[in-house]
Amino acid sequence: MLCKRIIACLDVRDGSVVKGINFKGLRTAGDPAELSRRYNSEGIDEIVILDVTATIENRKALALTIEAVSNEIFLPLCVGGGIKDEPTAHAAIEAGADKVSLNTAAIAKPELLTDLARRYGSQAVIVAIDAKRERGKFAIYVRSGQQPTNRDAVEWAKEAADRGAGEILLTSIDRDGTKSGFDCELTAAVSEAVSIPVIASGGAGTFEHFVDIFEAGKADAALAASIFHYSEHAVADLKNHLQSHNIPVRLMRN
Amino acid sequence: MRIALIDYGAGNLTSVRKALSHLGASFETPAVAEDLSHMDGVIVPGVGNFKATAALNNNGWRTAVRAAISRGCPFLGICLGLQWLFEGSEEAPDIPGLGLIEGHCLLIHENDDQVVNLDRKSALKVPHVGWNSLHHTRKSWVLDGIREGDQVYFTHSYAAPTNKDCSGTTTYGVEFASAIERENIAGVQFHPEKSGDVGLQILTNFLNRVV
């Protein structure tokens with residue numbers, strides 16, 4: 001049976017893992033390769049490296065981070081933040097990323113999804129959508145949640161899938177960093193509208209939140225950062241919890 | 001030992017390279033098909049559309065791979081590399097596979113027996129992405145040390161049929177061949193280079209067979 005995936009997100013700035021609340025107020029949480037090693041031994045299913053500054057000067061530091069993680073962790077690795085064209089996607093993939101995630105650039109230039117899917121395969125192209133509840137709809141924001149667009153998350157998810165995206169990484173801006181639970185309504189709306197997998201993000205605070213997002217939220221995968229960063233064994237404990245709720249998860253061999 | 005990792009432009013080889021390097025294997029990506037005659041093992045990786053395997057039908061690759069297999073070289077096909085061993089795929093019907101294994105790859109679909117209510121929309125998402133379990137159908141060198149139910153990472157929309165050469169199956173909608181094996185020929189639909197310790201064990205099994 002296909003397992004529900006648990007994904008750890010490493011928000012990286014200048015080679016260090018940081019984590020903010022509501023996209024602001026970053027504080028440092030460690031070395032990416034060291035955290036990845038720990039997550040790998042705890043049974044994480046996938047790792048996302050998100051370059052939260054995404055400036056040109058940082059691209060070299062980012063490549064080194066991707067290399068450091070992918071040289072020793074043999075799990076799917078996705079990189080996002082500042083992927084704006086074929087060269088930036090290529091640099092991340094060359095450094096060891098299996099997938100790249102596009103957000104602002106995909107909205108601005110949707111044909112980029114098709115170009116990248118043609119070159120690397122759809123499995124390598126993730127569309128990241130940052131959505132916020134507004135007037136009964138799910139409005140998309142770009143530029144790290146700072147800039148509103150007139151796009152609707154469900155509509156854009158469908159278009160992105162048609163254009164060649166292989167997965168959707170859906171973040172609730174309202175819930176991000178709040179630990180008050182994933183936005184199940186948002187996730188279910190997108191998940192039911194597309195046939196590609198949807199990764200839910202934003203709001204993980206308790207193990208029960210993960211049960212909710214897989215059941216009510218119809219997510220294929222769930223992503224979190226701080227819940228894993230600051231406590232040891234959280235990944236293994238979470239998976240045991242999910243298994244006890246009959247949610248299929250990948251368990252480590254003893 | 002010389003191992004050829006064939007680069008025919010179907011996706012990115014970095015992950016396979018990194019996993020092989022981590023295991024201490026020396027390998028090369030031959031520029032021309034003739035180089036295969038000096039190799040002791042052959043890996044055909046690949047991800048994406050079956051159309052990409054058309055490149056393997058040109059410039060002597062097809063003949064060279066068949067020759068390497070005939071002289072007993074261990075062969076490992078990964079993902080598209082497994083599918084290429086079959087006669088073809090409905091993803092690109094005009095492009096013939098290598099044809100060493102019988103059957104055609106088909107789009108992943110819901111098992112008809114399980115559709116109880118025709119009005120209900122299929123819950124099966126395609127592509128099949130994520131970790132799923134392996135069921136052993138017989139003894140296999142490439143799956144040596146892999147336990148029943150061990151989980152591996154998949155990402156694909158088309159799947160190979162189960163037949164007499166199938167050594168491992170996985171179920172998603174229908175049961176498909178997630179591992180095939182005949183003498184020195186092996187293929188896996190999942191990505192051993194992305195399947196943690198279980199995947200590294202499978203790559204090690206291949207390397208051990210080459211020595």
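## A walk through two chains

Let's start in chain A, where the axes of helix α1 (residues 32-42) and helix α2 (residues 59-70) come within 9 Å and cross at roughly 30°. Axes here are lines fitted to C-alpha atoms, for helices over the stretch in contact, and angles run from 0 to 180 degrees between N-to-C directions. Helices are DSSP runs of H or I with at least four residues, strands are runs of E with at least two, and both are numbered from the N terminus. That angle makes α1(A) and α2(A) roughly parallel to each other; the label goes to angles under 35 degrees, while over 145 is roughly antiparallel, 65 to 115 roughly perpendicular and the rest oblique. The crossing of this pair is right-handed, a term for the near helix being turned clockwise from the far one by less than a right angle, with anticlockwise giving left-handed.

Which residues do the touching? On α1(A) they are A:P32, A:A33 and A:S36, and on α2(A) they are A:T65, A:A68 and A:V69. Contact means that the C-beta atoms of two residues, placed from the backbone, lie within 7 Å. Sorted by class, this contact has 4 nonpolar, 2 polar and no charged residues. Ala, Val, Leu, Ile, Met, Phe, Trp, Tyr, Cys and Pro count as nonpolar, Asp, Glu, Lys and Arg as charged, and the others, Gly among them, as polar.

A word on what you're looking at: this is a predicted model, in which local features need pLDDT of at least 70 and side-chain atom pairs count only at pLDDT 80 or more, while totals for chains, interfaces and linings use all residues. Residues are numbered from 1 along each chain as its sequence is written, and chains are lettered from A and ligands numbered from 1 in the order in which they are written.

Further along chain A, helix α6 (residues 153-163) and helix α7 (residues 184-193) have axes that come within 9 Å and cross at roughly 35°. This crossing is right-handed. A:A153, A:V154, A:A157 and A:K158 of α6(A) meet A:L186, A:A189, A:V190 and A:A193 of α7(A), giving 7 nonpolar residues, no polar ones and 1 charged.

Stay with α7(A) for a moment. Its buried residues are A:C184, A:L186, A:T187, A:A189, A:V190 and A:S191. Buried means 20 or more other C-beta atoms within 10 Å of a residue's own, exposed means 12 or fewer, and partly exposed is in between, with C-beta atoms placed from the backbone. The buried set packs against α6, α8 (207-215) and the strands β7 (125-134), β8 (137-142), β10 (167-172) and β11 (198-201) of chain A.

From α8(A), move on to helix α10 (residues 234-244) of chain A: these two pack at an angle of about 50°, with axes 10 Å apart. They are therefore oblique to each other, and their crossing is right-handed. A:F207, A:F210 and A:V211 of α8(A) meet A:L238, A:H241 and A:L242 of α10(A), which comes to 5 nonpolar, 1 polar and no charged residues.

The largest nonpolar core has 151 residues, and A:I47, A:V100, A:I168, A:A222 and B:V42 touch the most other members. Such a core is a set of buried Ala, Val, Leu, Ile, Met, Phe, Trp, Tyr and Cys residues joined through C-beta atoms within 7 Å. Beyond four places in sequence, the contacts of A:V100 include A:V79, A:I83, A:I93 and A:V125.

How many residues of each chain meet across the interface? It's 27 of chain A in contact with 28 of chain B. The chain A side has 10 nonpolar, 8 polar and 9 charged residues.

A few loops are worth a stop. In chain B, B:K51 is in the loop between β3 and α2 (61-70) and counts as partly exposed because it has 14 C-beta neighbours inside 10 Å. Leaving aside neighbours within four places in sequence, it contacts B:A92 and B:I95; B:I95 is 44 residues away along the chain, with a C-alpha separation of 6.7 Å.

A:D14 is in the loop between β1 (5-13) and β2 (16-21) of chain A, while B:E183 is in the loop between β12 (174-182) and β13 (185-188) of chain B. Is each one exposed or partly exposed? A:D14 is partly exposed, with 15 other C-beta atoms within 10 Å, and B:E183 is exposed, with 11.
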